[in-house]
Amino acid sequence: MTDSAPANYEAAVERLEEIIDRLDSGQAGLRETLDLCREGKELVDYCAGELDAVGEGLKELNLDDLAAKLDSSASPGS
Amino acid sequence: MANPQISLGVSATPGPDLPGPFAVGRYAKKLKGWMRERPRVLLIGEVTGVGRSKVQAYFELRDGEGAVPCAIWLRDLERAGLPDGALRDGAEVVIAGGLDYYEGGGTASPNFCFRATHVRLAGEGDLLARLEALRTQLRAEGLTTLQKQLTRSALPKTIGVVTAEGGAARRDLLAGLERRGWGGTVVWAFAPVQDRHAAPAIARALQDLAARPEIEAIVVTRGGGSLADLWAFCDETLCRTVAMLRVPVVSAVGHERDTTLIDDVAAVACSTPTHAAEAAVPLDCRGARRELGRQALFLRRGADGAIGARARHLGSLARGPARALQRQRTILNQKTREIRAASERGIAERGAFQRRIATIVLERTRRRALDRAERAGEKRRRHGAALDSAAERAVAQRREALRQAAVALRAHDPERTLERGYALAETPDGEPLTSAAAVAAAGRFSLRFSDGRVDARTAADPGPGAGGDQGDR
């Protein structure tokens, strides 16, 4: 099991597939199986969170508006 | 440009050790002549700042590296036969001509220009030749590989897009993103995509987007057009800017057959905005959600299954002895049934066998008995006949013997003796007195004749008075 959160979605998916391959092989003992399942569930939660972050509908911003907002927030009188 | 050596025959007095001073008007005339003697060449570039006077048209011809002021007499322009308005700002043209210089006058200003005598719109061949030269140069500098070495996120949350605000490419890109089920943030940086202002504006937009840390990929896109229309995306400065960005750039300029220089330096070159959407968001979010659900289910079942399977295995092991006993019991019962069946079968077979044997024995016995009986019968019949014969013979013999005995007996019968006149002395009780002594001893006796008895007494007998009776004598 990894000690830290995955670096990104791709790394999480890659590790998840490794885990599933290992479980699929049927060679993991009970303790290892339980550890892998726990780690896999954490990775699934992470991936689900990443997918949720891009799952609430497409948002459109304009770079000029962002720049203007940035300028106004940086201005002391704003 | 080397300083023209124009000798006016006057030696310079003050200042450095240079020829002159020369009269400027004469110098200008000499300069004009020298310039006109320069070789005529062809130039290619974008027309900007077009203007006209009564006799000539003037404009600047420029590209990313510099510009030259140009002029063409109107009569030469008309002879070129360009379509109306073809000589306009943004047009890519090829001009033929050479250096020219107007020396001015007492009040007129001097003017330098490239005097064009021929002009035509730049063709694909002209642009492709320039494009190829630039491509070779950028490749040689290693600028075409830098973007391709960047790591692209499979699931960016925010992407930047540089395109024309009202272009179809914008709509197609959005449709492509939604088709992948991606609902992240798009930061639009609108810029002109076709004229001499396009390349600098696009480069500026790219830099501004790349400066925002949340942006993980940038798409540069526009619809199709001629190579001249897409020429902004072959701009050297723009391409160098793209190559040096820290954010991966996805280019989708023109159609499939169009290849601009930005495609060479970008991280990914796509043929359409739709493909650019797939390259900017490599992960198909809808498919990924389905796959993630499947994996989550697998893991849940994996954990439960691992425990359950082992529990079942343990349970199975625990039930092993009882199952083994049961199995043995079943085997035993089966054997017992088999033995019983075999036994019953054996008994029945033996019974049948014995019955068969008994039947055979009985039959044989019966036959033997019958044979014996028949033989006995035959024997009896034979013996019977013999017996009958023997009996008859015996009877006959016995009859003969009897007859002979009767004859003999008759011959010895006292009665026959009596009949011949003899008498038999007997005691009164009828016992024969066979001797004289017996008669003398008896005293009294009877004499039996064949025709009756006569009592008698011996002379020694005293009679009745002497105690004997003589009357019966």
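Two residues count as being in contact here if their C-beta atoms, placed from the backbone, lie within 7 Å. Keep that cut-off in mind as you move through this predicted model.

Start with both chains on screen. The model scores ipTM 0.77 and pTM 0.55. By the contact cut-off, 29 residues of chain A meet 29 residues of chain B.

Now select the side of chain A that touches chain B. At least two residues each come from α1 (9–25), α2 (30–53), β1 (59–62) and α3 (63–74) of chain A. Highlight α2(A) next: with twelve residues, this helix gives the largest share of that side. If you colour the touching residues of chain A by type, you will find 17 nonpolar, six polar and six charged.

Next, select β1(A) together with strand β7 (residues 185–190) of chain B. These two strands run parallel, and four bridges join them. To see one pairing up close, pick Leu61(A): its bridge partner in β7(B) is Val187(B).

The average for chain B is 84, and 92% of its residues score at least 70. Which elements of chain B have the highest and the lowest mean pLDDT? Strand β3 (residues 67–73) of chain B has the highest, at 95, while helix α11 (residues 414–419) of chain B has the lowest, at 74. As a last stop, select residues 467–473 of chain B, where the pLDDT is below 50. Beyond near neighbours in sequence, that stretch has 17 contacts in the model.

Definitions and conventions. Residues numbered from 1 in each chain as written. Chains lettered and ligands numbered in written order. Predicted model: local features only at pLDDT ≥ 70, side-chain atom pairs only at ≥ 80, totals over all residues. pLDDT = per-residue confidence, 0-100. Nonpolar A, V, L, I, M, F, W, Y, C, P; charged D, E, K, R; others polar. Pairing = 2+ DSSP bridges.
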